[in-house]
Amino acid sequence: MNKRFVVEFRDGPLTSRARRWFRFYESASRADCEAFIEKSIADLPSTDDRHYWGLTRERARQSYRIRGVRVAA
C-alpha cells in the first residue's frame, strides 16, 4: 500500500461546527501539499495590514487540512 496526501478545503463559516471538507488537491508528498496551500493563499494580505478587514492568510490557512490516504498498489 502506498500513501498519498490530500489537501482538503472546508466549506462554510470558520466558527461553525457544521462544515464539509472537499478534496482539493492530491500529491505523493506532504511538502507538495503544503506548497500548494501557500501558493493558494499567497495573494491574500497578512495580518500586518491594519486597514484590511477581510480574509487574511492566517485565517484562510485554517480552512485547509492535509490528510494521509492509503492507496492500494
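Predicted model: local features only at pLDDT ≥ 70, side-chain atom pairs only at ≥ 80, totals over all residues.
Me: In what order do the elements of the protein chain run from the N terminus on?

Reply: Let us begin with the parts list: the protein chain has 2 helices and 3 strands. Read from the N terminus on, these elements follow the order β-β-α-α-β.

Me: How many bridges join β1 to β3?

Reply: Strand β3 spans residues 64-71, and β1 and β3 run antiparallel. Asn 2 has Val 71 as its bridge partner in β3, while Glu 8 stands opposite Arg 65. The number of bridges that join β1 to β3 is 8.

Me: Which strands are the edge strands of the sheet?

Reply: The 3 strands form an open sheet with antiparallel pairing, in the order β2-β1-β3. An edge strand here pairs on one side only, and that applies to β2 and β3.

Me: What does the twist average from one strand to the next?

Reply: We are still looking at the open sheet, ordered β2-β1-β3. Going from one strand to the next, the twist averages 35°.

Me: Which residues of helix α1 are buried?

Reply: Helix α1 is made of residues 30-40, and a residue is called buried if its relative accessible area is under 20%.

Me: Which exposed residues does the face of α1 turned away from its buried side carry?

Reply: On the buried side, the cover over the buried residues of α1 includes β1, β2 and β3. The face turned away from that side carries the exposed residues Ala 31 and Lys 39.

Me: What share of the contacts with a separation of 6 or more comes from residues 24 or more positions apart?

Reply: A contact means heavy atoms within 4.5 Å. Among contacts in the protein chain with a separation of 6 or more, residues 24 or more positions apart account for 51%.

Note on methods
Residues numbered from 1 in each chain as written. Heavy atoms only, no water. Helix = DSSP H or I, 4+ residues; strand = E, 2+ residues; numbered from the N terminus. Pairing = 2+ DSSP bridges. Axes fitted to C-alpha atoms, helices over the stretch in contact; angles between N-to-C directions. Buried < 20%, exposed > 50% of the residue type's maximum accessible area, 1.4 Å probe, protein only.
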